[in-house]
Amino acid sequence: MSNSHIMEGRSPVPFLMLFLVTFLVSVSKGDLLAPVIGSSNPLAQGLPVFNEEPKDNYYMVKNKPVIISCKATPAILITYVCAGKKMPAKQQVNLELIDPVSGIKTLQSSLELTKEEVEEYYGSDGYWCECYAWNTVPGSSDPQSRKSNRAMVEVAYLKRRFQRVPMSQTMELQSTVELQCLPPEGKPLPEVFWLKDGEMIEVWKEINFIISSEGNLIINQARLKDTGNYTCGAQNPASRRFSESAVLTVFVNGAWSTWSQWTECSAKCGKGTQRRTRTCTDPAPLNGGASCAGEAVNRIACTSICPVDGLWSPWSSWSTCSPDCIHHRRRSCDNPAPANGGEYCIGNDLASANCTGGMCRDKRNNSRFVLQTFSPSLDVSTKNIFVETSEATSRAEDGENIPMYIGLCVAVAVFITVVVVIVIVMRRRKARQQDSTINSMTDEEKKITKNGELLSMQPDLTQTVVTVQHALPPDSPNNNHMMEKQPLYDVPDINAHHRLSGTLPKNSKMMLVEPTLNHNLTSSLEQLSVCDNKNTLLVPSDNRLSQCDNLQDSRQSMISVQLPSTIDADGVTWSTFDSCGGRLVLPESGVSLLIPEGAIKEGHVEEIYLAICRDDKDRPKLNDNQTILSPILLIGPPSVVLLKPVILSYQHCASMRQGGWILSLFHSDSPIDEPPHWKKMVTLGHETINTPVYTQLDPNQCHIMGEQLQRYAIIGESVPGARAIKILRLAAFAPASPPSMDYSIRVYVVEDTQDALEGVIQMEKKLGGRLLDKPKQIPFQDCGNNLCLTIEELSPGWRSKLAANYQEIPFRHIWSGNQNNLHCSFSVELIDRAQFSVSCKIQVYQKGVLNNRQVIRISSNLKEKLPPCVTPSSTLKGRTSTVTTNSTVSSGFSSMVALDPSAQVFRLPPHIRHQLCMLLDPPNARGNDWRMLAQALTVDRYIIFFATKPSPTEHILDLWEARHREETAVTDLMNILRVMGRMDAAAVLEKDMGSWL
């Protein structure tokens, strides 16, 4: 039935007035039924049906009686049994209604109970009442009865003392505030409300306030106007109580304004000071906020260079006497020269005088201009002599320059000829090298080359790192990588196989994922092994996936949604789910999606997929300090409406032991057929009450609780002044086929996650490569130093080609994480054909961090054909997609996914979860409620996320289901409840552990 209802005393008079047509008041003495004459109408016979039953709970308020009523058709009599005792008929009021058409009798009855009757009962089960409706039944001489549901009758009360009262707080502006309140004990449970300065807080209007399920007041972002007196109130039908008021003070810490401009130097000449000022007004401290730390005035020493006036140097000697009888002398203003704004010397710097004592005739025409301004006294012939002489001189000079011009032209021609010859020789050499490379290719590689695809085999790195510029085509849909510098070492195209297999059209932007039959379970990263102690692991070529021959329905032929063409078919799984929930798993990638029970609306069936985005175009574009720490995941479709959060679990490669990380969750809600546009959703530790997700970061795993199905990724950067560390995984591969002359060793440097290594293995399967040594971890520090790789101790009969013993991968290429399958290659050359094995070691270390050193040891017999390693669950098998579900809905893709209906998706059955929520959700004075459970399970980093949910315990247990998949998880949970002092909750687990633990 519904919630508790309070029935106050009512007079029977209204019942009599409402039904004036016919009525009957039956009074019976004693506890035995009076003789009843049955009706002869067949429609009026048979067991009664209740039209109205007693409510679940009735509460007595003060001394007012409680009225319990019920109504049945057809019925000739109604009686009550309360606390095992039949109630006397004198406490009842019965109203009989007869249908004038059918003659069927409906009887309505009410029972009045007093407070004394309830308080006099001391049974452990509480005071209860049941209603019995009687009627004649064909074939029976005595009337038969039908019992109603049981109604509990309690005395309403509300104690005065609050179990926990709000405490005064002083909080910083824009911070999240939680005022705790635990109401007094009472029946029924009191409802909590809050007052601010005596006014009721209407949380449905003021979105900045939230009252949690336990009664605490949460202020999302404290504002100055939120300063005031807050009072917690509790009410139920018995009474209303108010706690003592708590004062909330929102303070503002002072902050400095920007510095003013420097003043001029206080001394115009020599040493002085300059000053600049700032004020603590951006903002000014308020309500006890801290003042600005530091000085308001900043002074520095300055020196003003004194101005120096210029002085003349001594006069020079007189020049020789010129033809015009003038000689000159000079002086300079450099004794000293004017400096720093000093004045220039006063006077002339040139003096002229007659050098013959005035006896020389005045010649106005200067000899310097005789060739340009001829004297009128010269005749025409003289002028012609001068012109002819000038032209002859010019022709002579031109004749002298001709040999120089000829020599210059010859030199240019020789240079061009040499350049052309060099280019031709280099092209021929390159062509010969390509021919030799093609001859050493595997069959799979030749097929790829014939189809126009480039192999992922790039030149070796040298110590000098060379970069080339790559530009995307104009119609590229990626808006995050318009143009970037890419390293010369290769990043293989892992999607080449799909383009060749015919799954996608050449220009397709979408991928239709079809079900296949040869999907099987694969293992985790730790199950990579070395077979027969040969330190080699063969990666066989990928076979075409056979198509499903028999499909159950049209939904089995193709997933009902389309995925981006960049999604690898080996990295996607999906199934249908209903309200029972279930779990999607990509085991080799260490990724799973838990759909809790109740996340999907009752009666609805939703199709949900989980995919890994391994294409470089799907990765977010980061700044120089940021790095990608997790796989790029896509869950969908976005149109699915969830009633509660789902949990996405996957690995990350951040080293949490050293710390020093600023971690953020990025997401993209772009349509799946468009390039992702990445945005920061939240920085861990800076969540607010409006943050739509909860992120749980464990040492190696990340769990995201949210109701939005979209793309997700973890991005990190170092704390200012710190050097964060991410863990990398090193894996060395080589061709499986014996080489003719050259042997190429590819060393991959990827994030230390199962999915990153899985992407490398899938690509090497297509190239026919073999794993040379078990993948190894190496820490990589945010210090700007490159990663160095050296090949050493090469076995006899081999030599490093082109002496490329040492290579470097730039720091930025590794730290950014923008490139999948990053690797470099070592090429060794066979010089002794009698050698059938090769061995060496490759040392990997980061410059300046020699302690973080790793060694890859390689030993391989080239003549021996190594079969695939046989392990319980080989990592070299095809991709599997595991789906476990509690749903009764069969998956539409049974040929694609491995359904295991018998698998236990959830460790706790629904009835156990319900009982735990009933026990742990209500707050108590000891504090060992859901909050202590969250603390014990280490999910209390942002506990307000759970406090805002209707049942915090339910969401905590959902996260527990996703985090703890070990066999001892339930036993560990039981022990945690015992340590909390919640023996009642532990007993709930222990009671049923025989059947499901």
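Student: Let's zoom in on one strand pairing: in E20, which residue is the bridge partner of Asn 236?

Tutor: It's Ser 239: that residue of E20 is the bridge partner of Asn 236. Before we go on, keep in mind that this is a predicted model.

Let's stay with strand E19, which covers residues 228–236. E19 pairs with strand E20 (residues 239–242) in the antiparallel sense, over four bridges. The link between E19 and E20 is a hairpin, made through two residues.

Strand E15, residues 191–196, runs antiparallel to E19, and six bridges join them. To find that pairing in the picture, look for Phe 193, which stands opposite Gly 233 in E19. Then there's strand E21 (residues 246–251), again antiparallel to E19, joined to it by three bridges. Your landmark here is Gly 228, with Leu 248 of E21 opposite. As background, strands of a sheet pair through backbone hydrogen bonds, either parallel or antiparallel.

How covered is E19? Mostly: seven of its nine residues are buried. For the protein as a whole, 45% of the 997 residues count as buried.

Strands E13, E18 and E17 form an open sheet, in the order E13-E18-E17, with antiparallel pairing. E13 (177–179) and E17 (209–211) are the edge strands; each has a single partner strand, so one side of each has no neighbour in the sheet. From one strand to the next, the twist averages 20 degrees. E17 pairs with E18 (residues 217–219) over three bridges, and Ile 211 stands opposite Leu 217 in E18.

You can read another sheet in the same way. This one has four strands, in the order E1-E3-E7-E6, and it is also an open sheet with antiparallel pairing. Here E1 (49–52) and E6 (92–98) stand at the edges, and because each has a single partner strand, one side of each is left without a neighbour in the sheet. The twist in this sheet averages 25 degrees from one strand to the next.

Take Leu 593: leaving out residues up to four places away in sequence, it touches Gly 582, Arg 583, Leu 584, Ile 608, Leu 610, Ile 635, Val 646, Ile 647 and Leu 648. In soluble globular proteins, nonpolar side chains tend to be buried together.

What about a polar residue? Gln 762 sits in helix H6, residues 754–767. Its relative accessible area is 3%, and since buried means under 20%, Gln 762 counts as buried. Its side chain makes a polar contact with the side chain of Glu 758, at 2.6 Å. Gln 762 also touches Asp 570, Glu 588 and Arg 614, again not counting residues up to four places away in sequence.

Compare that with Ala 569, in the loop between strand E30 (563–564) and strand E31 (572–577). Ala 569 has 21% relative accessibility, so it counts as partly exposed.

Stepping back, the protein has 13 helices and 54 strands. Among contacts between residues at least 6 apart in sequence, 72% join residues at least 24 apart.

Last, a word on confidence. The average pLDDT is 75, and 73% of the residues score at least 70. Over residues 363–394, though, pLDDT stays under 50, and the model has eight contacts there beyond four places in sequence. The stretch 438–560 is also below 50, with 278 contacts in the model beyond near neighbours in sequence. Where pLDDT is low, the predicted coordinates should not be read in detail.

Definitions and conventions. Residues numbered from 1 in each chain as written. Predicted model: local features only at pLDDT ≥ 70, side-chain atom pairs only at ≥ 80, totals over all residues. Heavy atoms only, no water. Contact = heavy atoms within 4.5 Å. Buried < 20%, exposed > 50% of the residue type's maximum accessible area, 1.4 Å probe, protein only. Pairing = 2+ DSSP bridges. Polar contact = N/O pair within 3.5 Å; in protein donor to acceptor, adjacent residues only side chain to side chain. Axes fitted to C-alpha atoms, helices over the stretch in contact; angles between N-to-C directions. pLDDT = per-residue confidence, 0-100.
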